Amino acid sequence: MIERIRELHDFGRQGQWRAALVTLAWLLKQGVERDVRHINSAIAACGRGKQWQRAIDLLGIIEANTINYNTAISACEKAAEWRSALMLLSSMGRMVIQPDTISYSAAI
């Protein structure tokens with residue numbers, strides 16, 4: 001199990017979004033808790049693979065925090081989806097998640 005978690009984080013760093021999503025699905029099926037760090041690795045992989053919609057979708061399976069939103073905003077930025085990045089930034093305020101400097105920088 002720990003090895004699969006390490007793989008997930010490696011896939012996130014390498015931008016292997018398909019492998020990250022398959023590994024995340026496997027971990028969740030095995031009963032691994034929906035950890036924001038694991039989800040963030042999958043969001044990062046999607047961002048590096050310009051899969052911005054998948055990155056946004058992943059926010060919906062956890063109680064996302066500022067770091068998760070920043071990673072998803074960055075995914076939008078990498079895909080030149082500035083409207084989606086601004087939408088995420090706006091939704092942070094509605095969800096009582098405090099944007100930080102990284103949030104604003106990634107969105108513009």
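**Chatting through the helices and a few residues**

Q: Let's start with Lys 50: buried or exposed?
A: Lys 50 is exposed, with a relative accessible area of 52%. Keep in mind that this is a predicted model.

Q: Got it. Where does Lys 50 lie?
A: Lys 50 sits in the loop between H3 and helix H4 (52-59).

Q: And what's phi like for Lys 50?
A: It is near 60°, which is a positive value in a residue other than glycine. For background, most residues other than glycine have a negative phi.

Q: Which loop holds Val 96?
A: Val 96 is in the loop between helix H6 (82-94) and helix H7 (101-107). Phi of Val 96 is also positive, near 60°, and Val 96 is not a glycine.

Q: Switching to packing: at what angle do H1 and H2 pack?
A: Helix H1 (residues 2-14) packs with helix H2 (residues 17-29) at about 150°, and their axes are 9 Å apart. H1 and H2 are therefore roughly antiparallel to each other, given that angles over 145 degrees get that label. Their crossing is left-handed.

Q: Which residues make that contact?
A: From H1 you have Arg 4, Ile 5, Leu 8 and Phe 11. H2 brings in Ala 19, Ala 20, Thr 23, Leu 24, Trp 26 and Leu 27.

Q: How do the residues of the H1 and H2 contact divide, polar, nonpolar or charged?
A: Eight are nonpolar, one is polar and one is charged.

Q: How far apart are Ile 2 and Leu 27?
A: They are 25 residues apart in sequence, and their C-alpha atoms are 9.9 Å apart in space. Ile 2 belongs to helix H1, and at 57% relative accessibility Ile 2 counts as exposed.

Q: OK, next pair. At roughly what angle do H2 and H3 cross?
A: The H2 and H3 axes cross at roughly 155° and come within 8 Å. That makes H2 roughly antiparallel to H3. H2 passes H3 in a left-handed crossing.

Q: Which residues make the contact there?
A: On the H2 side they are Trp 17, Ala 20, Leu 21 and Leu 24. On the H3 side they are His 38, Ile 39, Ala 42, Ala 45 and Cys 46. Sorted by class, the contact of H2 with H3 has eight nonpolar residues, one polar residue and no charged ones.

Q: What about Ser 41, which helix is that in?
A: Ser 41 is in helix H3 (residues 36-48).

Q: Why does Ser 41 count as buried?
A: Ser 41 counts as buried because its relative accessibility is 11%, and the buried class is under 20%.

Q: Which side chain is joined to Ser 41 by a polar contact?
A: That of His 9: the polar contact between the two side chains is 2.5 Å. Setting aside neighbours within four places in sequence, Ser 41 is in contact with Leu 8, His 9 and Gly 12.

Q: Last one: where is Thr 71 found?
A: Thr 71 is in helix H5 (residues 66-78). At 16% relative accessibility, Thr 71 counts as buried.

Q: What is Thr 71 in contact with, leaving aside neighbours within four places in sequence?
A: Thr 71 is in contact with Asn 40, Ile 43 and Ala 44.

Conventions
Residues are numbered from 1 along each chain as its sequence is written. This is a predicted model: local features need pLDDT of at least 70, side-chain atom pairs count only at pLDDT 80 or more; totals for chains, interfaces and linings use all residues. Side-chain values use heavy atoms; hydrogens and water are left out. Axes are lines fitted to C-alpha atoms, for helices over the stretch in contact, and angles run from 0 to 180 degrees between N-to-C directions. Helices (H or I, at least four residues) and strands (E, at least two) are DSSP runs, numbered from the N terminus. Angles under 35 degrees count as roughly parallel, over 145 as roughly antiparallel, 65 to 115 as roughly perpendicular and the rest as oblique. A crossing is left-handed if the near helix is turned anticlockwise from the far one by less than a right angle, and right-handed if clockwise. Contact means heavy atoms within 4.5 Å. Ala, Val, Leu, Ile, Met, Phe, Trp, Tyr, Cys and Pro count as nonpolar, Asp, Glu, Lys and Arg as charged, and the others, Gly among them, as polar. Buried means under 20% relative accessible area, exposed over 50%, partly exposed in between (1.4 Å probe, protein chains only). A polar contact is a pair of N or O atoms within 3.5 Å; within protein, one must be able to donate a hydrogen and the other to accept it, and residues adjacent in sequence count only if both atoms are side-chain atoms.
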